[in-house]
Number of protein chains: 2
Amino acid sequence: MSLIVQKYGGTSVGTPERIQNVARRLLATQAEGHQVIGVVSAMSGVTNTLVTLATDVSGDTTPPEREMDVLLATGEQQTIALTSMAINGMGGKARSLTGAQAGITTDGVHTKARIENISPKAIHELLDSGHIVIIAGFQGIDRDGHITTLGRGGSDLSAIAIAAAVKADLCQILTDVDGVYTCDPRVVPNAQKIETIAYEEMLELASSGTKVMQNRAVEFANKFDVNFEVRSSLNDNPGTLVTQENSSMESVVIRGVSLERDQAKVTIENVPDKPGAASRVFSAIAEAQLNIDMIVQNVSKTGLADISFTLHRDDLGKARDAVAHVIESLGGETRFTPQDGIAKLSVVGIGMRSHSGVAAQMFDALASADINIQMISTSEIKISVTVDGADIERAAQIVHAAFKLHMI
Amino acid sequence: MSLIVQKYGGTSVGTPERIQNVARRLLATQAEGHQVIGVVSAMSGVTNTLVTLATDVSGDTTPPEREMDVLLATGEQQTIALTSMAINGMGGKARSLTGAQAGITTDGVHTKARIENISPKAIHELLDSGHIVIIAGFQGIDRDGHITTLGRGGSDLSAIAIAAAVKADLCQILTDVDGVYTCDPRVVPNAQKIETIAYEEMLELASSGTKVMQNRAVEFANKFDVNFEVRSSLNDNPGTLVTQENSSMESVVIRGVSLERDQAKVTIENVPDKPGAASRVFSAIAEAQLNIDMIVQNVSKTGLADISFTLHRDDLGKARDAVAHVIESLGGETRFTPQDGIAKLSVVGIGMRSHSGVAAQMFDALASADINIQMISTSEIKISVTVDGADIERAAQIVHAAFKLHMI
């Protein structure tokens, strides 16, 4: 007998029928002889409704984060009760636990709390008496008894933390995709589902557009060595196992290709090449809470630098506002030059550490298809380039084929 | 400075605008120099939606009561957060507390738990630091950490229990009526709002049709000597103060007239007059969980008794089914005779203890109006009669006038 944690997201529990489907799956897993813990999110739509109510009652004021947590935590609390009822309705034995009841203690940072500890005693007692245990994801309680929530992707985080605390044999993240693919199958029809992927590869793919899970949850799994499987809640196909890097992974040079659309590039031209100039630009960007990505700087012989970075096109206006006073203070030569309509293509793989020539192979493939590369940035296991937005799908197909990812 | 508990029901918090109205009222009370606790119900409609979801996921099974409590408790938890946000949005300082956080411990009887204890420490600390404290009504937590709910009228009960625990100077039950009236103003247009009423009178009025609050809450207030005021959440009119009986109350013979429509009378005719016969009839009724009211028995010279009782007309069929086997076992003479279309009129007043002739005065008034009295039952402070349903409004008007209740 092994102990399995299954996490179901908001879409998977979005209607009474879907909750019943989740109940059936949990029961089927138990019937195979396992102890089963279900971690569930709020029914899809519930959180948005609650946020709207919060806005409506608050006038022009931002709702206090402590109260936001009290409000939002009700979403998951409803789902745990309903899921337990559905299991009961099918003749099974289930018990719901809120974050607090499950012993999930966090720090006191409301709306983005960090899990500090999980005492699995109550969970084990219920499992040992034959219950399926249904735990509210996304929420916990701090040392002073305040309700906290974990922020975006919090339910995945809950599931992985619970799996670590109860020493589960497997943690399954049930979602609306079948697993992690070598590329988006809507772009590359012969993209393959990846059987096994390393935490780091998953992190790099996520940060370059393949959003299956939030990175926080993957990082947590990596830290506490929790193997988890991403699979579909709608069928019984095996999914993708996310685990520690192992030597066999190195034989695959590239694990996957990911693409990010709707990007823009900003170039701050003619920045005086002296200490602190770049720092002032990026401090202003950070203060405006803008996510920027690839950063490239070139210094010309004139002693003026061009600093470029990419960001989502919707953030262009905010970026312009954020750096306006910095540019002014840097003198008349400095200019803000935006370029819209670009996209980002990344290849990710632990294997590239031990295989040289990956970048060359990628650039060659793009060049042979007459696709112009604008910016390049690399990490140890990732190479990203920007291309014209109109070329991105073709670029993905060509690179996918060049690394023979349809044949894994 | 005094400490005031204000309870707002589901209709009073039914929309974001109404929650803002509640926030304004709580702030205004604090601005008058008081410490303020708000006890709130779920937004009207929310509980019904949750019950429907519970039914939908449960198939043909009744949802487990423990999980029902987990589900329903989210309704009040949402309201406390939203009310606190609304106060915050108006520049005030508020803090929400769930039943568990407010230290409301109950027994473990899910869906109709009894409050065992309230530890007011957290509440006092928040009040002392200038917060308006918003507490979820209707819910608590048992000794094992399970979420419990208090059943119908539970939020009133919470408010009164909290008022007792924090030794509040006043508990206000804010509702959609202006207070308790000498009779339903839709029936008797010159009915008067009662300034002060004794707990016992309130209980008798409630049990005879004037449903302002559940009796459990009134009984609790009586037991713990909590004065409370029933008043409107929609205006600033003074309401009705419910308090211990005092000597000045005796000068008013009748406090109010209440009426109950849609009643039916059942007569079990020719019951053998021997020990246990009546008991078997009423045991069968109790097993079917039917609420019956006035009970009258007459024994004729033949040694056969007629037993009559009243109940809601909708329960007539269930009553017939419930007693069918008892009637059969009592022999061929015994018959079930229903009479539909009757109504009940009651007069209530502590003063009738020390004033004789109240019954005579009531019967005279009805006789003078040619209204036939069918059944009579009396308690120490109440006289109830049944009349033809078509006569009930006229009967109420005549009795109201006979006791000069329009002139209090």
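Modeller: Happy to! Let us begin with what counts as touching: two residues are in contact if their C-beta atoms, placed from the backbone, lie within 7 Å. Please keep in mind that this is a predicted model. By that rule, 30 residues of chain B are in contact with 30 residues of chain A.

Where on chain B do these residues sit? Three helices of chain B each supply at least two residues of the side that touches chain A: helix 1 (16-31), helix 2 (46-58) and helix 3 (65-89). Of these, helix 3 of chain B gives the most, with 14 residues.

Next comes the way the two copies are arranged. In general, two copies of a chain are related by a rotation about an axis and a shift along it. The same surface serves both copies, since 100% of the contact residues of chain B recur in chain A.

Now for the surroundings, starting with chain A as a whole. Chain A has 11 helices and 18 strands. Its radius of gyration is 24 Å, close to the 22 Å that the globule rule gives for 408 residues, so chain A is as compact as a globular protein of that length. Along its principal axes, the C-alpha trace of chain A spans about 75 × 55 × 30 Å.

One pair of helices in chain A is also worth a visit. The axes of helix 10 (residues 358-368) of chain A and helix 11 (residues 392-402) of chain A come within 9 Å and cross at roughly 130°, which means that helix 10 of chain A is oblique to helix 11 of chain A. Their crossing is right-handed. Helix 10 of chain A makes the contact through A:Gln361, A:Met362, A:Ala365 and A:Leu366, while helix 11 of chain A brings A:Ala395, A:Ile398, A:Val399 and A:Ala402. The residues of this helix contact divide into 7 nonpolar, 1 polar and no charged.

Terms used: Residues numbered from 1 in each chain as written. Chains lettered and ligands numbered in written order. Predicted model: local features only at pLDDT ≥ 70, side-chain atom pairs only at ≥ 80, totals over all residues. Axes fitted to C-alpha atoms, helices over the stretch in contact; angles between N-to-C directions. Helix = DSSP H or I, 4+ residues; strand = E, 2+ residues; numbered from the N terminus. Parallel < 35°, antiparallel > 145°, perpendicular 65-115°, else oblique. Left-handed = near helix turned anticlockwise from the far one by under 90°. Nonpolar A, V, L, I, M, F, W, Y, C, P; charged D, E, K, R; others polar. Rg over C-alpha atoms; globule rule 2.2 N^0.38 Å.
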